[in-house]
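Reader: Hi, could you walk me through this structure slowly, starting with the terms?
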Amino acid sequence: MSLIIITAAALAGCTVTDGDTIRCNGERIRLLGVDAPDGPGNSRCRPVPKPGAVCDRQRAAASKASLQRIMTGPLSIERVGTDPYGRTLAMVYAQGRSLSCQQIEAGQATYFARGIRVADSGMIPATIPSNCRPPGRE
């Protein structure tokens, strides 16, 4: 299945929710292709951590702070759909660089190779630029 870009637009008024999610003018946006650590209060971490979840307050705070630092200048977005939680799934760029890639490069998120379930559309690939993927990962 190929990646279909639904919308490309400039973003303004954005804040960081956590290391892989931002909010822009009320729209919750989940960065494609990465997974960042979650705080212990996150639903993935309670009552017991779900498989694959990284539940660590300090690492979650560091990942969030990293994303805040790299969200400089105008942002652009390539929307691909919404997830079952109502978040927009998208590639987001700051000054032409993928926020997902920058989070991986900073060690604040990991490459998320599994597809992402899109509401009403099944699974889409968690595609990020190939230069951000660990060697040997597609």
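Author: Helices (H or I, at least four residues) and strands (E, at least two) are DSSP runs, numbered from the N terminus. With those terms, the pattern along the protein chain reads β-β-β-β-β-α-β-β-β-α-β-β-β. This is a predicted model, in which local features need pLDDT of at least 70, side-chain atom pairs count only at pLDDT 80 or more, and totals for chains, interfaces and linings use all residues. Residues are numbered from 1 along each chain as its sequence is written, and side-chain values use heavy atoms, with hydrogens and water left out.
Reader: ok, how many helices and strands are in the protein chain?
Author: The protein chain has two helices and 11 strands.
Reader: Which way does S4 run beside S7, parallel or antiparallel?
Author: Strand S4 (residues 27-31) and S7 run parallel and are joined by three bridges, where pairing requires that DSSP finds at least two bridges between two strands. The bridge partner of isoleucine 29 in S7 is threonine 88.
Reader: What about S6 and S7, what do they form?
Author: S6 and S7 form a hairpin with five residues between them, and glycine 86 in the turn has a positive phi of about 85°. Strand S6 (residues 75-82) runs antiparallel to S7, with seven bridges joining them.
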